[in-house]
Amino acid sequence: MAAMSLAVVRSRALDGFDAPEVLVEVQLANGLPSFTLVGLADTEVKEARERVRAALLHGGFGFPHNRRITVNLAPADLPKDSGRFDLPIALGVLAAGGALDPARLARCEFAGELSLAGELRPVRGALALALAARRGASGRELVLPRASASAAAAVPGLVVRGASSLAEVVAALQPGEAVTELARAVEPARAAAAAAAPDLRDVRGQSGAKRALEIAAAGAHGLLMIGPPGTGKSMLATRLPALLPPMEEDEALESAALIGLAAATPTFGQRPLRTPHHTASAVALVGGGSPPRPGEISLAHGGVLFLDETPEFPRSALEALREPLETGRITISRAARQASFPARFQFVGAMNPCPCGWHGARHAGPGCRCTPEQVARYRGRLSGPLLDRIDLQVEVLAASPDDLLGAPADEPSATVAARVAAARARQQRRQGRPNGWLDAAALDARLLLAPAAAGFLARAASRLAWSGRRVHRALKVALTIADLAAADRVEVDHVAEAVQWQRALAP
C-alpha cells in the first residue's frame with residue numbers, strides 16, 4: 001500500500017436555507033494510528049469517527065487501524081452539523097484505501113447518517129439539499145438514505161437515488177457495477193385536494209367576517225379579527241387555507257424544504273397552517289439557534305400563520321413580525337454568520353376586545369367588567385407600526401340564536417375559492433403577484449383609481465389620521481375588492497368598503 005493516499009467525496013452542508021457544497025477529503029498516511037476530523041465540525045460531526053468505524057467493521061469492509069486517517073471538510077470556514085457526513089466519510093475511507101474507484105464517486109453527491117450496523121438513517125433538510133444540487137447544475141446524482149430520498153425526489157430535473165445501508169451503496173460503486181443499481185427514488189404523492197379540510201359553510205352567520213376572509217384570500221392580505229370568546233374567530237382562521245389557490249410547483253418545493261429543515265415531514269402541495277401557542281418566544285416565531293433553524297413564520301411560508309390571542313404573545317415576538325410582513329424574508333444575524341429564510345406567509349390574528357373578553361358583546365356573555373384604562377392597555381399591546389402592516393381588521397361579534405339555529409348553510413369553501421382564484425388570476429396577469437405583495441411604487445404604477453374614489457380616500461385618511469403606509473394598505477385592499485368584482489378600475493364603493501375594514505382597532 002502506498003505511504004499516502006487521498007480520496008475526495010462530495011456532500012452538502014446546511015447553511016440557513018442554502019446547502020453549499022462540501023468536499024470530504026480523506027487521507028490515509030503512515031504514522032501513529034489516529035482518526036482526525038477537521039473543518040469546523042460540531043460535536044455531532046466529530047462523533048462520526050465512531051459511527052464510521054463501527055459501520056465499516058460490521059459491514060465486513062475492514063478499517064485501517066494501522067494508518068493515520070485525516071478527514072477534512074472543506075471549506076474550512078463553513079460550519080458543519082448533524083450526521084449527514086457519515087456516509088461520505090465512510091466512502092472516502094474506502095476509496096482512499098483502494099476499495100472504491102474515485103472516478104465513480106465523482107459522479108454523485110452523498111449524505112446520510114450511519115448506524116453502528118451500517119444502516120442509513122434519514123437526514124434533516126433533504127429537500128433543501130436537492131434544491132441546492134439542482135441550482136448547482138453539476139449533473140451529479142444525489143444519493144441519500146431511502147426515507148430522505150423520497151422527499152428529495154420531488155425536485156424535478158435531478159436524479160435522486162435511495163439506499164438503505166452502506167453495503168448497498170458500496171456494492172453499487174464496485175467495478176463492473178453502476179450507481180444505477182441503486183433504486184431511483186419515486187416522487188412522493190402530492191397532497192390531495194382539500195376535500196377533507198374544514199369547510200367555510202360550517203360557520204353560521206358572520207357574513208361580514210366571511211367577506212373579510214374572502215378579501216384576505218384573494219389579495220394575500222393580513223387579517224386581524226377582534227371579538228368576544230366563542231364567536232368563531234378560530235373557525236374562520238382555520239378555513240383560510242382551503243380558500244387559497246393551489247400552490248405552484250416552486251412554491252410547494254420551497255415550503256416543503258423549509259418544513260424539512262425543522263426535521264418535520266413535509267406535505268407537498270398543501271398550504272401550511274401554523275398555529276403557535278401564545279407563550280412562543282421571538283426565537284420560536286422568527287427562527288434562531290445555533291446553527292439557525294427556521295421559525296414559525298418560515299414554516300408558514302406559502303400558507304397561513306394564525307396567532308390566536310394575539311395580544312398575549314410577548315411584545316418582542318410580535319414586533320419581530322414587522323419586517324417579515326413587509327419583505328417576505330427573515331435574516332437571522334449571529335456574531336460570525338447570517339442565515340436568511342423565506343417568510344412569505346399570510347398573517348391571521350385573533351383577539352378579544354378587552355381582558356375579560358366581553359366588551360361589546362350583544363347576544364352572549366356576562367357583560368364587560370373592564371375599565372376604559374384596562375381596555376386601552378390591553379389593546380395597546382399591539383403597536384401602531386404592527387397594526388399598520390395588517391391590511392384588514394374585522395370585528396367578529398356573537399351571532400344571534402336565530403343565525404346559529406335557523407339560518408341555512410352558507411356558501412361552501414369551494415364556491416368562495418373559485419372567486420378567489422379568479423381574482424388572483426387577474427392579479428397575476430396584471431402584475432405577476434398578489435396585491436398584498438405590492439410595494440408603494442408598484443401599486444402606484446398599476447392602480448387605476450377613479451377621481452371620486454381618490455377624493456373619498458383622501459378625506460377618510462385625513463379624518464382618521466392615517467399614516468402613509470395605512471393609506472397604501474387601504475388602496476391594496478380596494479384593488480382586491482375591485483378584482484373580486486372584475487372591475488377595471490377602483491371606484492368609490494370599493495374604497496368605501498376597504499376603509500371599513502381598517503377601523504375595528506385603529507392604532
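Visitor: What does D202 count as, going by its relative accessibility?

Guide: D202 counts as partly exposed, at 43% relative accessibility; buried means under 20% relative accessible area, exposed over 50%, and partly exposed in between, with a 1.4 Å probe and protein chains only. The model is predicted, so local features need pLDDT of at least 70 and side-chain atom pairs pLDDT 80 or more, while totals for chains, interfaces and linings use all residues. Residues are numbered from 1 along each chain as its sequence is written, and side-chain values use heavy atoms, without hydrogens or water.

The partner of D202 is R239, and their side chains form a salt bridge with an N to O distance of 3.4 Å (a side-chain nitrogen of Lys or Arg within 4 Å of a carboxyl oxygen of Asp or Glu). This pair links distant parts of the chain, 37 residues apart: R239 sits in the loop between α9 (233-238) and α10 (249-261), and D202 in the loop between α7 (166-172) and α8 (207-219). Helices are DSSP runs of H or I with at least four residues, strands are runs of E with at least two, and both are numbered from the N terminus. While D202 is partly exposed, R239 is buried at 9%.

Under the salt-bridge rule the count is 28. Another of these joins the side chains of R161 and E141, at 2.7 Å from N to O. R161 is buried, at a relative accessible area of 8%.

The pair of R489 and E491 also forms a salt bridge, with the closest N and O atoms 2.7 Å apart. R489 is partly exposed at 41%, and E491 is partly exposed as well, at 27%. Both residues come up again around H494, which lies in helix α22 (residues 492-500). The side chain of H494 reaches the backbone nitrogen of E491 at 3.0 Å. R489 is among the contacts of H494 once neighbours within four places in sequence are set aside, together with A478, I481, A482, A485 and A487; contact means heavy atoms within 4.5 Å. H494 itself is buried, with a relative accessible area of 7%.

Salt bridges can also join into a network, and one such network links R10, R12, E21, E109 and R140. Of its members, R12 can be followed in some detail. R12 is in strand β1 (residues 4-12) and is buried, at 7% relative accessibility. Its side chain makes a polar contact of 2.8 Å with the side chain of E109 (a pair of N or O atoms within 3.5 Å; within protein, one must be able to donate a hydrogen and the other to accept it, and residues adjacent in sequence count only if both atoms are side-chain atoms). A polar atom of the R12 side chain also lies 2.8 Å from the backbone oxygen of A19. Apart from neighbours within four places in sequence, R12 is in contact with A19, P20, E21, V22, R84, F85, E109, L129, A132 and A133.
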